[in-house]
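Welcome! Please take a moment to look over the sequence and the 3D structure, and then read on for a short tour.

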Amino acid sequence: MGYKDKYHQWLDFADANTKSELLALSDEKEIEDRFYKDLEFGTGGLRGIMGAGSNRMNRYTVGKATLGLAMYLKSKNSGDVSVAIAYDTRNHSQYFAKIAAGVLASQGIKVYIYEMVVPVPVLSFTTHYLSCTAGIMITASHNPKEYNGYKVYDDKGCQLCTQDAKSALSFINAITDYSSIPFTDKSELITYIGEEELSAYLREVKKQSLYEEKSDLKIVYTPLHGTGNIPVRRMLDAMHVLVVKEQEQPDGDFSTVRSPNPEEKDALTIAIKKAKETDADLVLGTDPDCDRVGIAVKDGDDYKLFTGNQTGALLVKFVLTMKKSLLSEKSTLVKTIVTSDLGANIGRSFGLQVDETLTGFKYIGDKINTYEKNGLQEFVIGYEESYGYLVGTHARDKDAVVSAMLICQMAAWYKKQGKTLVDALNDIYDEYGFYLDCLDSFVLKGKDGAEKIQSLMAEFRNTGKSLFDGIDEMIDFSTGIRDLPKENVLKYIWRDGSWLAIRPSGTEPKIKIYYSIVDTDKSNAQSRLSLIREKIGDMINK
């Protein structure tokens, strides 16, 4: 069925509001983009721009995904099936959560749905805590305000990985009649949950605490209008925390930032301004679903923004130093293939095993599940370059609540020694070498953009090791590497350990380029990085 046929099909069954939105469309490219495909499960589940259409987040696509999920869960489980549901502060998140709850209940599935917004790791924890068969989180993480999404978790609180996601998707794709989706918001099978489950989660987070001595460390925290406000502040209640009032309350329009993404420099602008006014030591920002955390550290009269790789390396050093007596030959650090090797090398120096996964924290969560089953390894810390970290196994997804707590404790621990986190990072570079890591994202929207991304990946793949002088190895993860699922990712490795990785985003219309330059001299590393980025940019923008 072509996109125009789909468009007319929707006009036949859609409710009045959806039909009105569709009839108002006059741009043929816009109609094509809304209907040329169905939303697909990527690295972060189902995610897309909100609006009418099969390639948008709306009551019908959420209903279809949920009905397919219900059929998948019932096919795998002969007994009772139950699902935990949570949602973030985005526009329509609660609405989509209630749509999902009603569809599940119509299929005889017990639902536990939060009565207030909570972070992703809380849903991950709750799914296992309530012995549910699965979990659903309505969120688009750090994406712009136009987006929303739908993450599915297994009974351990881990996002569905490759095979399970494919199986669930087969049930979802089998649903072609949107008019048959049962929408209801009233059922004795729907139970609202809240404070009791959140408190149980926070007790588990508290168990990961590593340093609680009294400190005069001053922290400025912004939840960026998201779910982190209450849980993060509860975990930092013994510390001196100033909250950015303009960004404290939920706001699905994220009206004070261009994008609520702590990976981006301007997301912390207001918080840094407040830090300068109050002479704070540390700035902390969590994204809307509170699974990522970004920091800025006082450095002289200004504040230095840290990358996810830098914060990750610092956390590895701090956690392993504080837990040194508890480590064993089974202790393991898990990172993704596009995360810097600095943290891994720190882990190895403490005797840890290092495991690598594909991009997406679900694969790190899946490693925890595997370790628990076979008993051969023990998870200590996992992280990815995109500002996501996890210590402990209370959740199977990245957790900005436990990360925020440990980052602040780490800063307090170093401050007692007369050091800032900038000093601590420089000490790491002195010991392990200098690593310059960077990410470029190129946005290529719509059907044409998707086709160009495919063409670019083919070009990079065909270029091979001749892309740059000195490349020792090209790894094509689409061929199947080690025990990793096949994925459309290319990684080029230089003889000195520097590398470059290229992958299409699984959640946004982007192609992402990851750089990691290793050098003894910072200026040499910066010059080399600039030349590499320029060549890659020319290839993509031509």
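Predicted model: local features only at pLDDT ≥ 70, side-chain atom pairs only at ≥ 80, totals over all residues.

Residues are numbered from 1 along each chain as its sequence is written, and side-chain values use heavy atoms, with hydrogens and water left out.

**Two helices that pack**

- Two packed helices are described by the angle between their axes and the distance between the axes.
- Helix α1 (residues 3–13) packs with helix α2 (residues 16–23) at an angle of about 145°, and their axes are 8 Å apart.
- Here axes are lines fitted to C-alpha atoms, for helices over the stretch in contact, and angles run from 0 to 180 degrees between N-to-C directions.
- Helices (H or I, at least four residues) and strands (E, at least two) are DSSP runs, numbered from the N terminus.
- From α1, the residues Tyr7, Trp10 and Leu11 meet Thr18, Lys19, Leu22 and Leu23 of α2; contact means heavy atoms within 4.5 Å.
- Which residues of α1 are buried? They are Lys6, Tyr7, Trp10, Leu11 and Phe13, where buried means under 20% relative accessible area, exposed over 50% and partly exposed in between (1.4 Å probe, protein chains only).
- The buried residues of α1 pack against α2, α3 (28–35) and α4.

**Aromatic rings**

- A pair of aromatic rings is described by the distance of the centres and the angle of the planes.
- Rings of Phe, Tyr and Trp (its six-membered ring) pair if their centres lie within 6.5 Å; planes under 30 degrees apart count as stacked, over 60 as edge-to-face and the rest as tilted.
- By this rule there are 17 aromatic pairs.
- Trp10 and Tyr60 form an edge-to-face pair, because their ring centres are 5.6 Å apart and their planes are at 70°.
- This pair links distant parts of the chain, with Trp10 in helix α1 and Tyr60 in helix α4 (residues 59–76), 50 residues apart.
- Both Trp10 and Tyr60 are buried.
- Tyr95 and Phe96 make a tilted pair, because their ring centres are 5.7 Å apart and their planes are at 50°.
- Tyr95 counts as partly exposed at 40% relative accessibility, whereas Phe96 is buried with a relative accessible area of 3%.
- Ring pairs also join Tyr7, Trp10, Phe13, Phe35, Tyr60, Tyr178 and Phe183 into a cluster.

**Charges over rings**

- A charge sits over a ring if NZ of Lys or CZ of Arg is within 6 Å of the ring centre and within 35 degrees of the ring normal.
- Arg59 lies over the face of Tyr60, 5.4 Å from the ring centre.
- Lys110 has its charged end over the ring of Tyr112, at 5.4 Å from the centre.

**Positive phi values**

- Most residues other than glycine have a negative phi, and most peptide bonds are trans.
- Ser131 has a positive phi, near 55°, and lies in the loop between α6 (120–129) and β5 (134–138).
- Is Ser131 buried or exposed? Ser131 counts as exposed, at 62% relative accessibility.
- His225 has a positive phi as well, near 70°, and its place is the loop between β8 (218–222) and α9 (229–235).
- His225 is buried, with a relative accessible area of 3%.

**Residues that meet across the chain**

- Leu439 is in strand β17 (residues 434–443) and counts as partly exposed at 28% relative accessibility.
- Leaving aside neighbours within four places in sequence, Leu439 is in contact with residues including Glu263, Glu385 and Lys512.
- Leu439 and Ile502 are 63 residues apart in sequence, and their C-alpha atoms are 9.9 Å apart in space.
- Lys512 belongs to strand β21 (residues 510–519) and counts as buried at 13% relative accessibility.
- Not counting residues up to four places away in sequence, Lys512 touches Leu439 and Ile502, among others.
- Arg90 is found in the loop between β3 (82–87) and α5 (93–106), and Arg90 is buried with a relative accessible area of 3%.
- Arg90 and Tyr147 are 57 residues apart along the chain, with 8.4 Å between their C-alpha atoms.
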